[in-house]
Amino acid sequence: MTTSTSLVYLIALPLFGATVLLLAGRRADKWGHILGTAMSASAFAVGVYQLTQMLGRTNESRPVTQKLFEWISVGSFNVDAGLMLDQLSICFVLLITGVGTLIHIYSISYMSHDHDRRRFFAYLNLFIAAMLLLVLGNSYLNLYVGWEGVGLASYLLIGFWNQKPAYATASKKAFVMNRIGDMGLSFAIMIAFATLGTVSFDGVKAASEHASTAALTAIGIMLLVAATGKSAQFPLQAWLGDAMAGPTPVSALIHAATMVTAGVYLITRSNFIFDAAPTAQLLVVIVGAITLLFGALIGTAKDDIKKALAASTMSQIGYMILGAGLGPVGYAFAIMHLLTHGFFKAGMFLGAGSVMHGMNDEVNMRKYGALRKYMPITFATFGLGYLAILGVPPFAGFYSKDKIIETAFNAGGNKGIILGIVTLLGAGITAFYMTRVMILTFTGKSRWDDEVHPHESPLLMWLPMAILAVGSVTSGFLLSNGDALVNWLAPLFAEHGEHAERLQPMVVSLLALAVVAVGIAIAFFKYSRQEVLAIAPENVSVFTKIARQDLMQDKFNEAVFMRPGQLLTSALVKTDEAVIDGAVRGVGQMALGSGSVLRGIQTGFVRSYAALILVGAALLIAAIWMVTQ
Amino acid sequence: MDAANYLYLSALLFTIGAVGVVVRRNAIVVFMCVELMLNAANLAFVTFSRINGDLNGQVIAFFTMVVAACEVVVGLAIIVTIYRSRRSASVDDASLLKR
Amino acid sequence: MDFAAPVLNYSLLSPILILLAGALIGVLVEAFVSKALRPITQLSITLGSLVLSLVQVWRIRNEGSTTAAMGSVIVDGPAVLLQASILIISIISVFLIADTEQFTALAAALPGSDEERHALQSGNQVTEVYPLTLFAVSGMLLFPISSDLITLFVALEMLSLPLYLMAGLSRRRRLASQESALKYFLLGAFSSAFFLFGAAFLYGYSSSITFAGIHDAVNGAAGNDVFLLIGIAFLSIGLLFKVGAVPFHAWSPDVYQGAPTPVTAFMAAATKVAAFGAMLRIFYTAFANAQWSWTPVLSLIAIITMLFGSLVAITQRDVKRMLAYSSIAHAGFLLSGVIALNKAGLDASIFYLFAYGVATVGGFAIVTLVRDSAGEVTDLNRWKGLGKRSPWVATSFAVFLLAFAGIPLTSGFIGKFSIFSAAYESGAKGVVIAGVLSSAIAAFFYIRVIVLMFFTDPVEDGTSVEIPSSLTQITVAVSLIVTVALGVFPAPLLNFITDHAIFIR
Amino acid sequence: MNSLILLMLLPMLGALLIGVLPKANETLTKQIALATTVIVAIVTIAIAVGFQRDNVDLQYVQSYSWIPSFGINFAVGIDGLALVLILMSTVLAPIVVLGGWNESHGGRWSVKTFYVLILVLETMMIGVFAATDVFLFYVIFEAMLIPVYFLIGGYGTGQRSAAAVKFLIYSLFGGLLMLASIIGLYVMSGAQGGHTFDLAALSHLQMSSTTQNLLFLGFFIAFAIKAPLWPLHTWLPDAADSATPGTSILLLGVLDKVGTFGMIRYCLTLFPEASKTFTPMILVLALISIVYGAFLAIGQRDLKRLIAFTSISHFGFITMGIFVMTSQGQSGATLYMFNHGFSTAALFLVGGWMISRRGSSTIADFGGLQRVTPIMAWSFFLAGMSSLALPGMSSFVSEFLVLVGTFTRYPVHAVIATFGIVLAALYILIPVQKALHGPTTEGNENLSDLNLREKIAIAPVIAIIIALGFYPSPLLKVINPASAHVIAQMGFTDPAPTNGDK
């Protein structure tokens with residue numbers, strides 16, 4: 001293991017940017033966006049430098065660590081503020097800083113009319129820093145800091161336009177649901193410390209060798225909970241749709257490319273735990289499977305272009321989680337899909353942003369149509385992304401997604417068959433709703449109002465889109481050519497014996513393409529052949545209705561958690577006032593009451609006083625007589 | 001005869017006095033009941049002095065009489081004042097101060 | 001038979017004799033000095049003799065610990081301490097008594113009669129109150145040092161009779177004042193009858209009238225226990241009446257309220273010291289070895305007294321009555337010192353008596369200052385906003401209240417702590433618990449007064465605060481200083497008490 | 001002269017100086033008060049620097065005989081625990097003075113009185129933590145009530161006198177129970193070789209388990225009222241509601257810590273066995289406080305009451321940390337006391353400024369402040385983040401330590417307590433959304449942002465919160481020996497890793 005002194009700059013640079021921009025205030029409005037972008041870019045540079053360094057070393061010595069200082073040390077609980085950069089985290093570092101920088105550039109123009117642009121860039125830098133800490137931390141606790149850090153950044157960015165109450169609520173929702181996930185992470189850390197006596201990745205890995213399955217399963221499940229929160233997986237997925245309240249670059253960076261994939265990172269990072277805890281691993285797969293269908297189904301009914309993409313993100317991450325749940329074989333493919341997805345989904349989001357930019361921030365696809373004439377570049381880049389997500393060869397998705405489907409099938413037994421079918425089905429539905437998006441947005445005849453004048457976005461906006469498009473075309477091939485990524489990551493994961501391939505890769509690809517074709521066809525006939533209404537039709541099947549309402553996820557949460565919670569709260573407030581404080585006041589009243597009763601003895605008549613004395617005397621005698629007998 | 005009887009007598013007198021204080025209204029009478037109690041005590045002293053065969057008891061009896069006399073002086077003064085200002089010697093009328 | 005001339009040890013009796021002399025001179029002054037000169041003459045005589053006697057007490061503090069007057073009084077450490085306390089308290093109370101506004105012009109005149117009005121115009125004053133005070137004080141000095149039943153009884157009457165009269169001398173609300181005098185007198189006489197009857201039976205039990213004799217008899221277990229028990233019971237009634245313990249307390253609220261405030265102050269403070277002094281001596285010496293019979297009962301009375309006093313005090317609207325009930329509660333606390341029946345208990349009681357007495361005088365001194373055209377205002381609701389009107393008066397009163405409540409850094413806290421720990425040490429945990437509880441209750445009404453004074457806005461109803469006369473100022477100042485000083489640096493006094501407070505038989 | 005004594009005298013001097021000043025010159029009064037508190041803070045820091053970390057014995061020890069006949073001494077001395085709390089108190093004091101520069105106006109009495117009370121209180125705050133003589137501790141513990149009582153009742157708002165009385169009665173009641181226990185200790189010490197109140201000596205008393213339990217309860221109830229533990233908490237919201245922000249900071253930030261401090265210093269040290277006996281019950285109460293406090297905070301409409309209830313929840317954490325008897329729990333609790341002081345201070349300072357500007361403490365009356373007064377909004381937001389223990393804020397470290405320390409011995413408790421962090425997110429984000437976000441509502445359009453004085457007051461607080469979040473070691477190094485000492489005294493050792501019970 002080699003040590004380094006420059007890792008900290010990865011985090012320090014964007015953090016510095018954020019701090020300066022926040023403290024400087026309006027003074028920085030002039031140059032704020034420049035600084036922000038520069039910081040992100042330089043972080044990327046450092047990342048590239050680290051990569052080159054890493055490439056120059058042999059597998060074993062590739063991971064780099066840096067101890068900053070002793071953070072928390074009480075009794076046997078010792079956590080250093082330490083960073084670790086290995087083959088896995090470098091992928092993330094480059095994705096975060098790379099895509100991040102592009103989106104910075106994009107935002108310069110996209111946010112140019114917002115007089116709070118500086119603050120926006122401050123938040124973006126803050127996010128980059130937190131996200132890098134997340135992937136660089138060398139222990140679960142350091143990861144936790146980044147983990148909640150990105151949560152904070154996402155909260156700030158979703159609520160960037162929080163003067164709109166709905167947006168403010170959306171940001172709060174996101175934060176709270178993330179916190180529920182974070183609880184899982186803290187449980188995992190506590191269990192790890194209580195059972196294994198350490199919380200650092202190396203420590204846990206070493207200890208997990210001879211730890212009981214029960215403990216590891218517990219940790220694994222808790223990590224999964226954390227992942228579901230951050231990566232919008234079932235059952236904690238409900239926040240992602242609302243998170244689209246944030247400016248579109250945010251959706252691209254945080255809620256498509258990077259933050260939401262943290263769950264996948266966490267699971268892959270903890271491979272040694274899941275490999276030893278089959279139950280937890282199985283749960284991971286199940287969650288992934290459910291979510292990828294769940295997201296896909298929601299996607300089919302959304303008219304809001306961003307929400308459609310968000311649903312798709314949810315579903316794609318479902319693929320990754322599923323892949324990660326398949327164990328050593330799957331990790332690499334999960335990461336690969338994560339990277340390619342980073343490119344094409346970010347690209348499509350930016351495309352959506354560009355469309356909204358040209359359409360006065362209209363997000364309803366039913367009010368689009370025939371835009372390919374007006375914004376050709378956006379159409380082109382979006383289209384490439386579209387092909388990529390469909391998994392059409394030779395675009396990126398083809399390499400990453402089909403690998404996951406293939407691995408699913410090869411998982412063996414009924415499990416393999418079920419998972420294979422689910423993933424295939426997902427691919428089909430994906431094809432359907434993405435085609436729907438394409439058609440509604442770019443083809444057919446225009447359905448927008450007259451005062452809208454669609455136009456292509458400026459250079460600063462389409463350039464990043466273009467670059468990402470290139471990525472979504474090439475990344476798949478580059479990463480899988482000669483199993484580049486698989487070999488790169490191999491040293492981190494346990495060896496896995498060759499699975500008996502139940503299906504040839506070729507067969508899987510053909511199956512996938514077939515399903516995709518079906519999906520496209522349905523969408524084509526449904527939306528291109530017949531007229532699309534500018535206002536969503538109400539006389540639709542009950543399934544559509546349910547799908548439009550995100551499969552009732554909010555209704556469910558509301559009924560099961562919110563309402564009861566509110567009732568409980570108001571009940572407790574009343575109890576506190578009436579019962580507890582009431583009891584206290586009651587004691588006082590009692591004293592007063594008995595006082596005024598006793599007062600009655602003081603009649604004012606001297607004879608009654610004398611009588612009192614007489615009685616007293618009698619009692620005194622009686623008492624003394626009693627004690628002395 | 002047995003000296004104990006005198007003790008019973010004094011106890012009886014004392015009780016009569018005590019009860020009298022409680023039941024009678026007229027301040028003078030009440031006061032006289034108190035005097036009766038004092039004298040009951042005196043009787044007890046003298047009896048004991050007889051039983052113990054020393055003089056202390058009888059000496060005390062004399063002291064008591066003197067003290068009682070002083071009490072009469074003070075007591076009557078107060079009662080008379082009250083009577084003059086209230087035109088009544090009933091102790092029950094004097095009940096401004098209560099509770 | 002031949003008489004041996006009685007040996008009296010005059011020097012040991014001198015404190016009392018000085019006072020009696022002063023009192024007699026006072027009586028003569030009434031007869032021979034002109035109206036105009038009487039007040040000042042009387043005041044100086046009274047103060048003079050009090051101070052003189054205090055000096056005398058100081059001088060005999062070490063030659064004490066012997067009997068005097070043929071063993072009918074004992075001058076020992078506790079005696080000196082108690083006498084000193086009584087004298088100091090009396091002196092500062094006399095400063096209040098000197099305030100003629102408090103006393104009727106002519107006690108004999110009918111309330112509201114022309115006679116009274118005329119007497120008022122002619123600036124008449126009942127200067128008789130001074131000799132009466134001196135008589136009472138001399139009785140109080142004698143009470144705690146008397147060591148046989150005769151002296152005890154005589155002393156009791158000596159201190160009571162003048163007080164009966166003084167209670168009736170108020171200038172305002174004379175009917176109430178006279179009524180209080182009547183009540184005090186009748187009940188006092190009633191209780192002293194019990195006292196005497198008890199004394200008779202003790203004599204019958206022990207065939208001796210000295211405490212020493214009774215003590216020996218108890219030790220020897222000679223004689224009839226029934227006599228002893230009746231004796232203890234009835235004697236206690238007399239004493240419990242004086243200290244105002246439930247159920248023999250009924251007189252105190254009425255008398256405290258009806259009597260002229262200076263008299264109330266004097267009575268509340270000095271009488272308690274004297275009565276408890278006597279009580280301590282009797283129970284610690286004469287009845288010590290019979291505690292199996294009386295401690296349980298006395299504990300019970302103590303508990304009832306504490307709780308009753310505190311509970312009823314909460315409901316009071318009249319400041320004097322409230323203080324009366326609080327003093328009942330304090331009687332309960334003090335009883336726990338008697339129950340303790342150990343050195344610590346004795347020391348604690350003496351300290352407590354002094355601290356409480358001084359604070360009490362101070363408290364009532366403040367009461368004399370809050371007035372309207374018709375004299376003192378004792379209705380608490382009209383004390384609202386006193387803190388705004390005259391911060392210093394209110395603050396001092398608050399300090400006294402805090403002392404009563406036993407808040408740290410006031411003498412009251414040290415007193416409470418020491419007396420409770422003594423009781424706890426002797427195993428009377430129940431009493432301590434009750435004490436703590438009732439202190440909590442008591443705190444409530446003390447604080448309520450503070451709230452009234454500081455946290456409520458004044459109502460304009462003509463309630464004004466008298467500019468204190470220099471004498472009253474002295475009283476308040478002295479009480480204040482003592483109260484705080486004993487709270488912060490009690491060590492010297494405590495040490496002094498510990499060194500001196502040893503009963504001899 | 002002993003530096004602790006000096007430290008206690010300094011504020012008194014300041015008070016005297018103010019006392020002799022003319023009423024009229026209010027600014028000078030304030031300046032003197034500020035100067036005094038700053039000097040005290042500096043001296044404290046000097047003391048902290050001179051403190052030997054690894055030495056578990058009391059340091060800066062000094063003892064004068066006070067009431068020999070009861071064996072009472074004026075004895076002071078500090079260990080890591082006391083040092084940390086004194087540091088917190090004296091650092092908060094100048095911030096309170098500066099932050100609440102104008103609180104003293106509109107009170108019943110003069111500005112002068114206000115600052116005299118504050119300074120007297122500061123002396124007592126130092127003394128109560130430094131006392132090593134149980135009697136001295138008790139005296140200060142009780143005497144402290146008086147200045148606070150007058151600060152609330154005299155300078156507060158709304159039902160101030162009612163709240164003040166409620167506070168005083170509650171505390172006095174607890175205090176008297178404690179007095180009973182102290183008397184018990186005193187008597188027992190007398191029976192076992194001489195009356196004394198020396199903490200160390202008393203800790204070796206032999207007593208039957210029943211006695212020990214009773215005496216323990218006397219102390220514990222008093223402390224449970226101070227550090228409000230459910231169900232003895234109802235005085236706190238009223239007090240915090242009526243008191244001025246500055247007073248609330250001293251009340252919740254410092255005085256209530258005397259309760260938790262006392263639990264460690266007196267309950268554990270004097271009655272180890274009884275502490276063990278009652279631990280299960282206390283832990284349950286702590287848990288209830290955590291959850292209950294959080295729920296009630298969520299349910300509050302009034303900003304000050306909300307903050308008060310968050311504190312009840314936090315005190316639940318502290319109490320839990322104290323009684324789980326693991327080094328993480330102990331150190332975490334102590335660190336928590338320190339951090340809570342500052343995050344509460346931040347909340348009350350900014351909340352106070354918001355309220356005084358808006359003229360209302362009802363959360364619903366605010367709205368969209370982020371756009372009108374960005375700096376104030378940010379300060380409040382950061383304070384809130386620290387209150388919900390966001391990683392990177394000091395409170396995260398302490399809260400997590402408490403949780404981890406609890407988990408190793410009482411997993412179930414830890415799990416339930418952890419749900420508190422979700423509720424925390426709610427009770428902070430709800431007011432943040434209502435007050436700072438959304439459209440700027442009527443009546444908030446022209447509120448003024450923080451002025452320089454206020455910025456200077458809040459800056460160090462936030463700086464400390466964040467700095468300690470990333471680098472708590474300086475404090476932990478002071479705290480750890482002390483807490484390890486306590487754990488050892490109690491005869492506990494941290495549970496070893498079960499290694500998954502394999």
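Reader: Hi! Which residue is the bridge partner of A:Thr3 in strand 2 of chain A?
Author: That's A:Thr65. Keep in mind that this is a predicted model.

Reader: Got it. In which sense do strand 1 and strand 2 of chain A pair?
Author: They run in the parallel sense, and two bridges link strand 1 to strand 2, which covers residues 64-74 of chain A.

Reader: What sheet is that part of, and what's the strand order?
Author: It's an open sheet of three strands in chain A, ordered 1-2-3, and the pairing is mixed. Strand 1 (2-3) and strand 3 (77-85) of chain A are the edge strands, each with pairing on one side only.

Reader: OK, switching to the chains. Which two share the most contacts?
Author: Chains A and D do, out of five pairs of chains in contact.

Reader: And how far apart are the closest C-alpha atoms of chain B and chain D?
Author: They lie 26 Å apart, and no contact joins chain B and chain D.

Reader: What about chains C and B, how many residues does each put into the contact?
Author: Chain C gives 34 residues and chain B gives 36 residues. On the side of chain C that touches chain B, the elements giving two or more residues are helix 6 (149-167), helix 7 (174-206) and helix 10 (251-258) of chain C.

Reader: Which of those gives the largest share?
Author: Helix 7 of chain C, with 18 residues on that side. By class, the side of chain C facing chain B has 24 nonpolar, seven polar and three charged residues.

Reader: Tell me about chain C itself. How many helices and strands are there?
Author: Chain C has 20 helices and five strands. Its C-alpha trace spans about 70 × 55 × 40 Å along the principal axes.

Reader: Why call that compact?
Author: Because a compact globule of 505 residues would have a radius of gyration near 23 Å, and chain C, at 22 Å, agrees with that. Also, 70% of the 505 residues in chain C are buried. Among chain C contacts between residues at least 6 apart in sequence, 80% join residues at least 24 apart.

Reader: Last topic: how many residues are in the largest nonpolar core?
Author: It has 688 residues, and those with the most contacts inside it include A:Leu223, A:Phe127, C:Phe197 and D:Ala346. In soluble globular proteins, nonpolar side chains tend to be buried together.

Reader: What does A:Leu223 touch?
Author: Leaving out residues up to four places away in sequence, A:Leu223 touches A:Gly184, A:Leu185, A:Ala188, A:Leu266, A:Ile267, A:Ser270 and A:Ile273.

How values were computed:
Residues are numbered from 1 along each chain as its sequence is written. Chains are lettered from A and ligands numbered from 1 in the order in which they are written. Two residues are in contact if their C-beta atoms, placed from the backbone, lie within 7 Å. Two strands pair if DSSP finds at least two bridges between them. Helices (H or I, at least four residues) and strands (E, at least two) are DSSP runs, numbered from the N terminus. Ala, Val, Leu, Ile, Met, Phe, Trp, Tyr, Cys and Pro count as nonpolar, Asp, Glu, Lys and Arg as charged, and the others, Gly among them, as polar. A nonpolar core is a set of buried Ala, Val, Leu, Ile, Met, Phe, Trp, Tyr and Cys residues joined through C-beta atoms within 7 Å. A residue is buried if 20 or more other C-beta atoms lie within 10 Å of its own, exposed if 12 or fewer, and partly exposed in between; C-beta atoms are placed from the backbone. The radius of gyration is taken over C-alpha atoms; the globule rule is 2.2 Å times the number of residues to the power 0.38.
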